[in-house]
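Hi everyone, thanks for coming. Let me put the structure up on the screen, and then we can walk through it together.

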Amino acid sequence: MSPPPAESTSSSPLSSFFGVFRYSRRALGLVWGTSRWMMLGLALCTLVAGVLPAVAAWVGQLIVDGVVSAMETHQAATDPNLLVSITPVLKLVGIEAVIIAFIALAQRGLSAQQSLLRALLGQKVNVMILEKAGQLSLSQFEDSELYDQLTRARREASTRPLALVNKTFGLLQNAISLGSFGVLLVQFSPWALLILVAGALPVFISEAKFSGDAFKLFRWRSPQTRMQIYLETVLAREDSIKEVKLFGLEGLFLKRYRDIFTQLFAEDRRLTLRRESWGFLLGLLGTLTFYAAYAWVVIETIAGALTLGQMTMYLMVFKQGQAALSASLTAISGMYEDNLYLSNLYEYLEQPVEGENGTLTQGALPGDGLRFEHVSFSYPGGGDVLQDQALQDPVLHDISLHLCPGQSLALVGENGSGKTTLIKLLTRLYQPTQGRILLDGSDLRDWSTQALRERTGVIFQDFVRYQLQVGENLGVGDTHAFNDQERWQSAARHGMADEFITRMASGYKTQLGRWFKNGQELSGGQWQKIALSRAYMRENADILVLDEPTAAMDAAAEAEIFARFREHSRDKMAILISHRFSTVRSADLILVIDQGHIIERGTHEELLAENGRYAKLFQLQAAGYK
Ligand SMILES: Nc1ncnc2c1ncn2[C@@H]1O[C@H](COP(=O)(O)OP(=O)(O)OP(=O)(O)O)[C@@H](O)[C@H]1O
């Protein structure tokens with residue numbers, strides 16, 4: 001488990017306690033931005049529900065005193081008329097009934113608006129979280145700290161802003177009630193007010209402490225929670241269940257899932273028990289003060305200092321006042337807890353994003369093609385990816401190459417030699433740690449991201465199998481033509497997917513995958529054809545990159561695919577990564593990469609003549625086919 005965050009220990013407990021409320025204003029702003037009418041409605045209902053209970057208590061006093069005096073006059077009268085005696089009291093009873101009805105109306109109004117706001121706000125915060133996810137760089141995504149933050153934000157923070165606002169309003173409502181009760185109580189004695197406050201304070205302090213502890217626990221344990229989510233995914237998703245079953249992993253993974261729960265539950269239980277036992281003990285203090293005040297009021301009444309009506313009122317005011325006070329204090333500590341959770345949401349939302357510096361849509365030397373100049377690269381070593389931090393060992397060393405339009409380049413090398421990393425640099429998913437990459441004579445960093453993306457069509461080996469319709473699976477290749485059926489068909493013809501798609505029951509409208517009704521699963525090779533066709537959706541792309549595009553295809557399909565690829569990329573720059581020499585051999589330039597270094601370069605014939613690594617690997621593979 002990682003240590004507690006530094007900020008919680010660096011400042012005084014009091015200032016960190018109040019500092020944490022800085023998110024309340026933002027939560028209010030968020031709700032205001034979601035629906036100002038409902039927020040105003042909440043405020044109105046809160047006000048009504050806050051003031052009316054004290055008014056009801058006051059009317060209650062008038063009723064009791066009215067009854068007592070009506071009884072006296074009724075008994076003393078020589079010609080008693082019941083109707084005359086009871087009319088004033090009945091009027092008061094009627095008024096109290098109306099007040100109670102209004103309180104009920106205000107409370108219903110509160111709960112209706114809260115539940116509508118909860119839905120709207122949950123959606124809004126989730127959209128904010130997902131929008132931010134879209135702005136993060138790939139390296140930020142691969143940072144486990146940030147991923148933890150994202151997981152925590154998604155799990156909790158969508159309900160927290162409303163909880164915070166509800167508590168703020170609840171606090172306001174209780175504060176209004178308390179103020180009005182206070183006005184009544186002070187007439188009895190200012191000491192009574194003091195007793196009320198002193199009784200509730202200890203519970204509040206313990207609540208605040210324990211909610212802070214609960215948050216720290218929530219924060220430290222997010223890696224374990226994430227592991228649990230991951231195990232749930234592996235155990236209950238169709239794309240992994242096949243392997244889980246064949247390897248008999250259910251028991252192993254379930255045990256790990258249970259163990260994590262047992263560990264987390266032990267911590268939860270400890271905290272809950274401590275929280276509730278302290279809450280009970282300190283709550284007793286409050287009860288004691290209440291009964292002391294009760295006795296005091298009774299004594300004063302018996303001594304004749306208070307009327308019966310006043311006694312009833314003070315007892316009610318005491319009881320409700322104490323409830324309102326402890327509710328206010330619990331709301332404050334709850335707000336503290338909500339603020340802590342919201343701090344996590346805003347920490348995530350305020351993650352700096354790598355600025356878009358480039359604006360170029362055309363290079364300084366159009367037609368110059370692609371150049372790598374002494375490019376080296378190391379993956380970031382974890383921690384905050386945008387700040388100075390340790391780098392891992394270099395994955396690419398001093399890479400230089402030049403690829404002109406109309407040329408094809410093949411990258412060959414062992415697993416882990418750095419081929420895919422080179423493509424990630426070329427597509428600016430990462431920036432070189434040394435050297436530079438030029439497109440048409442201008443540094444990639446100076447290019448506008450949009451222009452760059454439009455010029456590149458890339459299919460990575462771990463392409464995504466979207467649980468969408470076939471056509472949409474192609475359409476994602478060019479969002480401008482996402483629903484363009486003609487473009488789907490033309491791309492599918494290039495990628496050789498057209499034939500099997502038209503044989504499907506609903507053609508291009510067939511749902512793929514198993515997540516949704518009538519979804520149809522494809523074979524590995526068919527999926528690859530879909531991915532390949534996706535790359536062909538980018539009609540304007542003049543840099544085409546295929547990272548092991550045909551590994552799952554049969555030999556005939558592969559040969560056909562490359563014939564078409566060569567045709568399609570005749571005046572473009574084509575980059576190909578493949579472990580199959582039959583695919584690689586026709587490239588204009590072949591680079592052999594070993595542990596991040598280019599160790600050989602040339603055409604197929606030149607490399608064979610060199611009789612180096614390439615020649616050896618080629619002969620090895622050729623021997624396998626004999
Ligand atoms: N996101 C990452 N963070 C840190 N290291 C990485 C990351 N991706 C890859 N690596 C490391 O970089 C090295 C090169 O990986 P790369 O994926 O570029 O290899 P490759 O040549 O494409 O391999 P393969 O033929 O297996 O696809 C490997 O040692 C790998 O462990």
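Leaving aside its neighbours within four places in sequence, which residues is alanine 410 in contact with? The partners are Leu576, Ser578, Val584, Ala587 and Ile590, where contact is taken as C-beta atoms, placed from the backbone, lying within 7 Å.

Before I go further, a word on what you are looking at. This is a predicted model, in which local features need pLDDT of at least 70 and side-chain atom pairs count only at pLDDT 80 or more, while totals for chains, interfaces and linings use all residues. Residues are numbered from 1 along each chain as its sequence is written.

Back to alanine 410. Together with Leu411, Leu576 and Ile590, Ala410 touches the most other members of the largest nonpolar core, which has 62 residues. A core here is a set of buried Ala, Val, Leu, Ile, Met, Phe, Trp, Tyr and Cys residues joined through C-beta atoms within 7 Å. Buried means 20 or more other C-beta atoms within 10 Å of the residue's own, exposed means 12 or fewer, partly exposed is in between, and C-beta atoms are placed from the backbone. There is also a second, separate core of 30 residues, with Leu117, Ala208, Leu340 and Tyr341 among them.

Now please find strand 8, residues 573-577. Helices (H or I, at least four residues) and strands (E, at least two) are DSSP runs, numbered from the N terminus. Five of the five residues in strand 8 are buried, so the rest of the structure largely encloses it. Met573, Ile575 and Ile577 cover one side, with Ala574 and Leu576 on the other.

What does strand 8 pair with? Pairing takes at least two DSSP bridges. Strand 3 (residues 408-413) runs parallel to strand 8, with four bridges between them, and serine 408 has alanine 574 as its bridge partner. Strand 7 (residues 543-547) is also parallel to strand 8, through five bridges; there, leucine 544 stands opposite alanine 574.

After helix 11 comes glycine 248, with a positive phi near 60°.

Last stop, the ligand. Its surroundings include Glu142, Tyr379, Lys419 and Thr420, counting residues whose C-beta atom, placed from the backbone, lies within 6 Å. Strand 2 (391-403) and helix 14 (419-426) each give two or more residues to this shell, and helix 14 has the largest share, three residues.

Technical notes
Two residues are in contact if their C-beta atoms, placed from the backbone, lie within 7 Å.
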